[in-house]
Amino acid sequence: MPRQGVEVGGRLYFVADDGVHGRELWRSDRTADGTALVDDIRGGAGDSDPGSLVGMDGDLYFAATDRAHGRQLWRSDGTRAGTVLVKAIGAGGYGTGGTGNADGMVLVGERLFFVADDGIHGSEVWTSDGTTAGTVMVKDVGRNDAYPGPTGLEAVGDTVFFTEDDGVHGQELWQTDGTRAGTTLVKDLSPGSASTDFSYSAGTSDSLLFFADAGHGRELWVSDGTADGTHVVEDVAPATAYDGGAEMVAVGQQVFFVADDGTHGRELWTSDGTETGTVLVKDISSDDEGGYYGNHGPEGLSAANGLLYFSADDDVHGREPWRSDGTEDGTVLVDDVNPGEAGSGPADFTAVGGSVYFASGIRLFATDGTSAGTRRVADVQDAGSKYTGPTGLAAVGERLFLAADDGVHGMEPWLSDGTATGTAMVADVNTERNFVVIVRDARTRNGKLEPMVYPNVPGRLQVRPVGGSELRPWSGCVDGGRQRLVLSPTRAGERKLHRTGSLRVRARFVFGEPGTTIKRVVKSFTLRVR
């Protein structure tokens, strides 16, 4: 499935699998003839799986995996000769060294920040100006064997916040300006060697808001980068509430999030970093049960044109598009796209110019935030199609990038100018079109592997462990279209997973279409306890 559309230097870049070279980097001038593979970084049918595509100084930077160096930072000018490894960090080889979770790269000014393991210091925060000499570790903070290493990189002004365990204070909040001297512990939220449990964060221009459990339950915190300026804002959710916070998005100086206060169920909240400025925006649903089986509340929070867009179910219209300016009166249903209680299930809110696009089933919509200004742009398939609709929406200049399946060509890259005639496939990249494993959509938490597979026709699928991977085999018949499998580690794998917190597995997917040849795909995943 094509994904991660970005525009750099007038070129469109995206990641796709043509059925021959695996998941690699592609470029396009927005025509079929001008769409081509940039470079087969991994070589053969294996995936280099480019991630975290970022433009800096006219070049594209991304994380990718080749056969010699593991996952590393790369740079490209759109040509094969100009697609190069920035710096070989670590011992090399698949799964060693490399940039670890560099798919969460952060751009601050003209420097990139990411996490890398050089094989000596363990996972640490690194920074790069795009040159070999300018790609360096900011500071050796943690123990070499510390798990999970630096996490949650978030830019606030010229500062990058992250959490890490230095072997003394446990997993706590740190900050860096890209220098060793400027990389410091912000505050030991859980005094001593105990670790703080961090989750969900968003940065404004001068502060970081985040949810953390420092031994008193999950609470909303704020930090300006100083110890005195790092404190609890409000305990939104009491101990009886199901969730103290999920999904955080900054819109200007406001941070929106979803929380259950034990009274209203999961609803939309906003905070400016002060106790008085932290309020329930609106009680949209009367379902106050919360919890796993209750109303799941607002979802898909997205900043667009100075407002927050999201989907919600008000118990009358079903799940439909909403917008908010942070006030109760300014939090309104955009449009009842699918009249009745069923709802349209909008997703992927993306701003392009003055319009906000979203997907609903096989349909692509655009809105100016009003019901009258909400219109159907195009149907990428016939109404009776069982294939997935538009996904992976992203702004590229004055157009919208998306991945869509018209029921004929399979999942391919599309562009839209906001009109039906101007919404079309860029190029038919994958002419194989028989079977794809969508690694990016795999769920790997809670000790299970739930990969997303995409056979274009019904067939029989077998999944087998590779190289002694501690994964149970699976086999069965699958329908055409996107669907999720549920795979489990072996007992030995479960023990290792709970002992170390992670488990690396490789699996071979063998798909047989009736009357055609068999497609074999090998993919790697890292399972985590949570």
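Biologist: What share of the 530 residues in the chain is buried?
Modeller: Buried residues make up 52% of them. The model is predicted.

Biologist: What makes Phe358 count as buried?
Modeller: Its relative accessible area is 0%. Buried means under 20%, so Phe358 is buried.

Biologist: And why is Phe365 called buried?
Modeller: Phe365 has 6% relative accessibility. The cut-off is under 20%, so Phe365 counts as buried.

Biologist: How many aromatic pairs are there?
Modeller: The count comes to 11.

Biologist: Why is the pair of Phe210 and Trp221 called stacked?
Modeller: Start with the distance. The centres are 6.3 Å apart, and rings pair within 6.5 Å. Now the angle. The planes are 15° apart, and under 30 degrees counts as stacked. Therefore Phe210 and Trp221 form a stacked pair.

Biologist: What does this pair tie together?
Modeller: Phe210 lies in strand S18 (residues 208–213) and Trp221 in strand S19 (residues 218–223), so the pair ties together parts that are 11 residues apart in sequence.

Biologist: Are Phe210 and Trp221 buried or exposed?
Modeller: Phe210 is buried, and Trp221 is too.

Biologist: How do you know that Phe358 and Phe365 are stacked?
Modeller: Their ring centres lie 5.3 Å apart, with 5° between the planes. The limits are within 6.5 Å and under 30 degrees, so this pair is stacked as well.

Biologist: Which residues form one aromatic cluster with Phe358 and Phe365?
Modeller: Tyr309 and Phe349 form that cluster with them.

Biologist: How many helices and strands are in the chain?
Modeller: The chain has one helix and 43 strands.

Note on methods
Residues numbered from 1 in each chain as written. Predicted model: local features only at pLDDT ≥ 70, side-chain atom pairs only at ≥ 80, totals over all residues. Heavy atoms only, no water. Phe/Tyr/Trp six-rings, centres within 6.5 Å; stacked < 30°, edge-to-face > 60°. Helix = DSSP H or I, 4+ residues; strand = E, 2+ residues; numbered from the N terminus. Buried < 20%, exposed > 50% of the residue type's maximum accessible area, 1.4 Å probe, protein only.
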